[in-house]
Amino acid sequence: MKIFGSVGVVLMMKPELDKNIAIFLLSSIGLIVLPHVYHMPIAVFGFFCLLLVWRFIGIWKQHWLPGKLVILLLTSFGIALLYNQHQGIFGRDAGTNLFITALGLKLLEIKTERDLYLSNYLAFIVAASQFLYEQSILMAAYILLVCCVLLATLVYINSSKAKTLGALKSAAIIIGQALPIAVALFILFPRVDAPRWMLFNDTHQARVGLSDSMEPGSISDLSMSDELVFRVKFDGAVPTPQQRYWRGPVLSHTDGKRWTQTTFNKPLRRPVVTGTAYQYTILMEPQDKNWVFALDMPIVFASPLSQNSGYQLTTLNSPEQRAEYKVSSYADYNTGPINRSEYNAATQLPGEPSDKIKQLVAQLHGFDSAADTFINQLLNHFRVEDFHYTLTPPVMDENPVESFLFKTRYGFCSHYASAFVYLMRVAHVPARVVTGYQGGELNKVGDFLEIRQADAHAWAEVWLESRGWVRVDPTAAIAPERIERNINLNRQTVYGFEAKNSPAYHWLRQAGQLWRSVDYNWQRWVINYDNKSQSNFLSAFGINDLKTLAYWMIVVIAAITAVLCWFMFYRKANAADKVLMIYNRFSKKLAKHGLVRNTGEGVKDFAARVKIKLPEQATEIDQITAVFIKLRYGRNASGEDLQRLKTLVGLFKA
Amino acid sequence: MQNAIHQLLDSANQIILGKPHQVRLALCCLLARGHLLIEDIPGVGKTTLAHTLAKLLGLHYQRIQFTSDILPADILGACVFDTKNHEFKFHPGPVFNQMVLADEINRATPKAQSALLEAMEERQVTVEGKTYPLPQPFFVIATQNPSHQIGTFPLPESQLDRFLMRIELGYPDHHAERQLLIGQSRHKLCESLPVQLPPEQLQAIQQAVTQVYVSDALLDYCQAIIKFTRDSSEYHCGLSPRAGLALLTAAKAWAFMDQRDAVIPEDLQAVLAAVAGHRLRAGNTQSEAIIAPILANVAVH
């Protein structure tokens, strides 16, 4: 019986209808696979495209479609290709590509209606697999859109008189109705961590970012990258640009050219802090390293964060995933004394400094005055002498510090920081280079800071006896606008444009901020909604165990379904019903006088009959009847008329 | 336009005494571009009604008296050999007029009847392979004697369907009959009537009638009526979709005559007897009685 039925359906499909369905299905499958092009091996994608195009041609030239043997050969070729690319079928990449290849092969053998359904469902899986790679709000919107097309295909297959626009509209309505349930399930359904195997055997994306060493010139690679590193939302006031130093790795060891981290034995001592704390939430983008860039100086933080001896925060979580951390920092701090090991590390020099350098230090009273005097002298030296800030400095030779100080005098943060620290050490002042990020753009819409790779920075830290480690930024001496006004001088110098004051530019900037604010909230509330934040969120409603959760889920979904059903069944008839309801009120008032409308009696005839009985109310009866007729049978009745009918019936006294 | 309709009805009612509803229905039928069938015994004013309407509307009027020996060519016209030009020439018959009164249509044989009915439906005539269009506007008012009289060929249901309405005139009441007896000859009065609604205006009204609004609620009622006729045991067979369309068209014209731009259930009810009576029970002339169960049972919401 069932077989008979399906054969009947296939036979009933008209050729041109069949063609439309095929075009619909193939287009939507093409759309769904398209974004995978970014992470698929080009050979596999090409193979899929070949199959899709073949099937497309097959719509018009049926006899061009491959036979069973050719499909078998193509399948073996596909398997070979996949194995060649991935050495297996496990893992996210291989699994996704397997699905896509299988989908392409399945397209070639669409014959019955069942095949159409199967391909459609496969396409839904491929659509979902896109989320394994990208979870941005734009991608989500795109996938939702393509799902709408896929649903429209299903609508198309199932409707007798299908129209493209009509099918799309139905699909959009279905998605619209499904969204509240999806939201409810998203919030309530127990969340599980992605199984490890899904990340198995996959290629890692190479990311740019700060490295754990620094050479003069190394940070300039980042200065043009707009890539987001992290975002920060402050609970209270936002610190001024001069205070926004986001602490990264501390580099103490140098070979004269390259600065690297060293380990020194030092029990971590809590800095003594004064003033008010900045409380904030950091949302780190996926990174290569497990560094968390906190505002100088981070004091309060919780596991999985920990602080190393350079006061830098690191996390135990995988940096590959976006993560959120709550931290409190103080701008005024005193780290106190240092021990021998730390002192040695902070005064290490690669060799005896040259006479020229010693002469400079002596000239700036490096050897015969207090440390802070020397610091000011040196900063002043940078300021008054012919030093320049540039992102495209000349190439440094063997001794970069010396050639920078005496020859080229062109450089950016890493040149200044390394030269500054070097000279400090020559004068026996403990000093070190700190790398990290500086500044960040305030998003006025969402009131959060965005820190990009271009904000990468290097500065110096000097140990003073009474104050502990003190931050000194020599770049601020030479290019104060880089620090104070939070203008990204780097990018501007490179691109050679000034911030424009035109309204269009202003508007564009605001639109960009709005969009990034939306994106930030999407990341925070949707992508980062994990096991932990779910339980936090749900316990606020008193949901603490699975059983309560299940009850809640059932109740919420039942409520949404009930609302949707109510809309479907009652909304359309509503307006017309209202008119009748009001008129019935009028009829009830008349019924007290024994005046009841007969089954087949129109309201006009009824009114004529009533008027004979109630002649003194003839005007009101006529008015009510006229407005009712206009509302019920008229061409263009308005809401005003309904209101008028309501008032008239309300005032009518029988 | 409404004024012209009003005056036209007034003038007609001065000729046809005591039959305002029938006169109104007859005009309604013309405004809805329908053909009219008047069924009654001889001498109650069928011909006078047709003549009056033709006069008031300024239409070319021709009467065809149907007899048992009338032939299609007597109605449609024929090709006659012209000896001067040595060719056949078409001589149009009496049907080539704007208003045709087919008197006593059921006395003619079915062959002659169908010749007229085909012309009514197609609004054109085909003779010897050539097609001649009929004038615009084109109305047929047919009269019919009750079929129980001797020497009649009753029209089959399928052909009755071509008439939008069937009305019965009936005897005049006492007062009207007295007026009739006292007054002048109806024929003379008819001759002196002025044109109240010239054809161009009539066509404009016919166009306006099609624009009258029909709401969903009204369609519900209309469909309920049709469904009732099909389900009820009262009727041998129910109203066809064409009958449903006819009902709506007539109701639109009725609403227009009542100076409304939307149809209400009362309009449907007013034309129901005339439109549905002959379609539901051909042999019976009591249309009001035929549709009484519909009015009583189909609820107006």
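Helices (H or I, at least four residues) and strands (E, at least two) are taken here as DSSP runs, numbered from the N terminus. On that basis, chain B holds 13 helices and 9 strands. This is a predicted model, so local features need a pLDDT of at least 70 and side-chain atom pairs count only at pLDDT 80 or more, while totals for chains, interfaces and linings use all residues. Residues are numbered from 1 along each chain as its sequence is written, and chains are lettered from A and ligands numbered from 1 in the order in which they are written.

Chain B first. A residue is called buried if 20 or more other C-beta atoms lie within 10 Å of its own, exposed if 12 or fewer, and partly exposed in between, with C-beta atoms placed from the backbone. Of the 301 residues in chain B, 44% are buried. Two residues are in contact if their C-beta atoms, placed from the backbone, lie within 7 Å. Take the contacts in chain B between residues at least 6 apart in sequence: 76% of them join residues at least 24 apart.

Strands count as paired if DSSP finds at least two bridges between them. β5(B) pairs with strand β2 of chain B (residues 61-65) in the parallel sense, over 5 bridges. It also runs parallel to strand β8 of chain B (residues 139-144), to which 4 bridges join β5(B). L101(B) turns up in both pairings: R63(B) has L101(B) as its bridge partner, and I141(B) in β8(B) stands opposite L101(B).

A hairpin is found elsewhere in chain B. Strands β6 (residues 124-127) and β7 (residues 130-133) of chain B pair in the antiparallel sense over 4 bridges, with T126(B) opposite T131(B). There are 2 residues between the strands of this hairpin, and E128(B) takes a positive phi near 50°.

The contact between the chains takes 13 residues from chain A and 18 residues from chain B. On the side of chain B that touches chain A, the elements giving two or more residues are α10 (216-231), α12 (265-280) and α13 (287-297) of chain B. Sorted by class, that side has 12 nonpolar, 4 polar and 2 charged residues. Here Ala, Val, Leu, Ile, Met, Phe, Trp, Tyr, Cys and Pro count as nonpolar, Asp, Glu, Lys and Arg as charged, and the others, Gly among them, as polar.

Now for chain A, where 6 strands form an open sheet in the order β9-β12-β6-β2-β17-β16, with antiparallel pairing. At the edges sit β9 (298-301) and β16 (441-443) of chain A, each of which pairs on one side only. From one strand to the next, the twist averages 35°. Within the sheet, β6 (residues 272-284) and β12 (residues 323-334) of chain A run antiparallel and are joined by 11 bridges, and M284(A) stands opposite A323(A) in β12(A). Strand β6 of chain A also contains G275(A). This glycine is exposed, with 9 other C-beta atoms within 10 Å. Neighbours within four places in sequence aside, G275(A) is in contact with Y330(A), A331(A) and D332(A). The C-alpha atoms of G275(A) and Y330(A) are separated by 7.1 Å, although the two residues are 55 apart along the chain. Helix α17 of chain A (residues 503-527) lies across β2 (228-234), β6, β12, β16 and β17 (448-452) of chain A, and runs at about 80° to β16(A). Axes are lines fitted to C-alpha atoms, for helices over the stretch in contact, and angles run from 0 to 180 degrees between N-to-C directions.

Helix α4 of chain A (residues 68-86) has 19 residues, and at 1.5 Å a residue it should span 27 Å, which agrees with the 27 Å between its end C-alpha atoms. The expected span is 1.5 Å times one less than the number of residues. G78(A), L82(A) and H86(A) are buried in α4(A). They cover an arc of only 35° around the axis, so they lie on the same side of α4(A); the arc is that of the directions from the helix axis to the C-beta atoms. Exposed residues on the other side of α4(A) include L69(A), V70(A), Y83(A) and N84(A). The cover over the buried residues includes α3 (42-60) and α5 (92-108) of chain A. After α4(A) comes Q87(A), whose phi is positive, near 55°.
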